[in-house]
Amino acid sequence: MALKNKPVRREEPLPDAEIHSEGFRQTREARRSALVEDYVELIADLIEDGNEARQVDIAARLGVAQPTVAKMLTRLCADGLVSRKPYRGVFLTESGRKVAEESRIRHQTVEAFLRSLGVSAETARIDAEGIEHHVSAETLEAFRRAMTSAR
């Protein structure tokens with residue numbers, strides 16, 4: 001742990017600039033896709049729960065204003081992930097269902113891994129919501145192996 005006003009020294013030299021920038025590029029890409037993934041995963045959850053995915057419900061569950069949801073739904077329609085029908089809810093396209101399922105699997109894996117470390121259910125659920133978008137396939141597989149070997 002660093003002392004106040006004392007910089008923490010790096011243990012390793014900085015990586016090559018090209019390698020270093022790749023990590024930042026992946027983080028920027030994860031940020032861009034995180035919102036899309038959150039929306040389609042929530043839409044899938046609402047539909048699977050036996051309800052229509054309505055703009056008002058999406059706004060309430062994400063804690064955002066309805067105009068914010070409307071703008072994102074327009075983007076998701078343009079991206080071919082959802083379809084909307086007048087006076088009806090929002091529906092996932094095949095592409096949208098695929099994105100939702102991949103996001104759900106990542107979320108469940110991260111949440112289960114955090115729980116296996118002793119993190120409380122509520123904290124694991126909340127933390128997984130952010131981590132799921134930034135974790136690589138390699139890391140997810142390592143999480144799965146660690147949980148399997150711990151049994």
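How do H4 and H6 lie to each other: oblique or parallel? Let's find out by walking through this predicted model in your viewer.

**Stop 1: H4 and H6.** Begin by selecting residues 94–116, which form helix H4, and then residues 137–150, which form helix H6. Their axes come within 10 Å and cross at roughly 45 degrees. H4 and H6 are therefore oblique to each other. Now look at the handedness: H4 passes H6 in a left-handed crossing.

**Stop 2: the residues between them.** Show the side chains of Ile105, Arg106, Thr109, Val110, Ala112, Phe113 and Ser116 on H4.

**Stop 3: H4 and H5.** Keep H4 on screen and select residues 121–131, helix H5. Here the two helices pack at an angle of about 140 degrees, and their axes are 8 Å apart. That angle makes H4 oblique to H5. As for the hand of the crossing, H4 and H5 make a right-handed one.

**Stop 4: the residues of this second contact.** From H4, pick His107, Val110, Glu111, Leu114 and Arg115. From H5, pick Ala121, Ala124, Arg125, Asp127, Ala128, Glu129 and Ile131, which they meet. Coloured by class, the contact of H4 with H5 shows six nonpolar, one polar and five charged residues.

Definitions and conventions: Residues are numbered from 1 along each chain as its sequence is written. This is a predicted model: local features need pLDDT of at least 70, side-chain atom pairs count only at pLDDT 80 or more; totals for chains, interfaces and linings use all residues. Side-chain values use heavy atoms; hydrogens and water are left out. Axes are lines fitted to C-alpha atoms, for helices over the stretch in contact, and angles run from 0 to 180 degrees between N-to-C directions. Helices (H or I, at least four residues) and strands (E, at least two) are DSSP runs, numbered from the N terminus. Angles under 35 degrees count as roughly parallel, over 145 as roughly antiparallel, 65 to 115 as roughly perpendicular and the rest as oblique. A crossing is left-handed if the near helix is turned anticlockwise from the far one by less than a right angle, and right-handed if clockwise. Contact means heavy atoms within 4.5 Å. Ala, Val, Leu, Ile, Met, Phe, Trp, Tyr, Cys and Pro count as nonpolar, Asp, Glu, Lys and Arg as charged, and the others, Gly among them, as polar.
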